[in-house]
Amino acid sequence: MLSLLLTLGCEPSSPSPAAPPAAATAPAAATAPAAATASANSARASAVHEAGLPEPLRPESFTELTAEEQRYIEGNWKLLSTQRDVRLRPAETLARMAIKPGMSIVDLGAGTGYFAFRFSELVGPEGHVYATDIASGALKYMAAIIAREASGGRDYRNISLVENPLDGTGVAAGSADVVFVCSIHIFSHLDMLYLSEEERTSGDPVALMAAGRAGMIQSIFETLKPGGRFVYMEGRPGSHAGLDLDLDAVSTLLVGFGFTEAARHAHLKKMDMLVMEKPL
Ligand SMILES: C[S@@+](CC[C@H](N)C(=O)[O-])C[C@H]1O[C@@H](n2cnc3c(N)ncnc32)[C@H](O)[C@@H]1O
């Protein structure tokens, strides 16, 4: 499974024209306070983007890994790279997530930390980031970066590393303002690898994904505080490594678990962002 994910990589697109930083579904006549908030979100996101990422560690810097962890790091270390910025446009993407200092964020399937390290800077010392993954190689990779930076580099001590189960966040209920997912394929054909034969061959795709992901979706819902948001980013259907379910289907599925849709963003050429909210 991991090698398949690694081969397919994360996000498939090339740059698209710049889009405004406001939420795609924001009311046309935004109030002055809403505009000021959007502008503050944008300024913080731009500053974090300009600060860049910590230098990646090369696979040969690691000793005492299992063969699987070694394979994971060899396949994923390059994901911690500003080269991805062309496709993921972090200044705009992070601004749309409206992350504020002091917030608590779960980066579910954080990989080698491309988003987690930026979240750490966005939420600041009063905030917290739970960087989770099912792959222990991912956690060892981020741990090594955090340790290296702690001696004279950047302060990432507000990150906790969590090895989550396949069907849960691994983070306590009611602890997150935002649960974020990018390219962990929980609603795509790749996810079929996690399903039973019976689930794989059953009919309706929404029902199929619901059956396969009920535990994870329920866990995301429970991990969020009331009013918290699930921010979901994935390749558009038809794109390389993209979704099999379109956003309408994913949204419908999530509504069935108690979420309400808050926004959709189409600022990236081949990836979608869906923001779902847990009611207060
Ligand atoms: C393509 S990488 C993306 C990593 C990161 N989100 C990013 O955008 O840089 C996919 C990651 O999802 C992880 N993953 C896959 N299924 C998962 C699950 N159910 N829970 C947590 N992590 C998962 C993999 O181990 C891998 O690290």
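Residues are numbered from 1 along each chain as its sequence is written. In this predicted model, local features need pLDDT of at least 70 and side-chain atom pairs count only at pLDDT 80 or more, while totals for chains, interfaces and linings use all residues. Helices (H or I, at least four residues) and strands (E, at least two) are DSSP runs, numbered from the N terminus.

Seven strands form an open sheet with mixed pairing, in the order S3-S2-S1-S4-S5-S7-S6; two strands pair if DSSP finds at least two bridges between them. Strand S3 (159-163) and strand S6 (260-265) stand at the edges and have a single partner strand each, so one side of each is left without a neighbour in the sheet. On average, and with direction ignored, neighbouring strands of this sheet are turned by 20° against each other.

Strand S7 (residues 271-277) runs antiparallel to S5, with seven bridges between the two, and Met233 stands opposite Met273 in S7.

Strand S1 (residues 104-108) pairs with strand S2 (residues 128-133) in the parallel sense over five bridges. Val106 stands opposite Tyr130 in S2. Helix H6 (residues 116-123) lies across S1, S2 and S3 and runs at about 165° to S2. Axes are lines fitted to C-alpha atoms, for helices over the stretch in contact, and angles run from 0 to 180 degrees between N-to-C directions.

Helix H2 (residues 32-51) packs with helix H5 (residues 90-97) at an angle of about 140°, and their axes are 8 Å apart. H2 and H5 are therefore oblique to each other (angles under 35 degrees count as roughly parallel, over 145 as roughly antiparallel, 65 to 115 as roughly perpendicular and the rest as oblique). The contact (C-beta atoms, placed from the backbone, within 7 Å) involves Asn41, Ser42, Ala45, Ser46, Val48 and His49 of H2, and Pro90, Ala91, Leu94 and Ala95 of H5.

How values were computed: Two residues are in contact if their C-beta atoms, placed from the backbone, lie within 7 Å.
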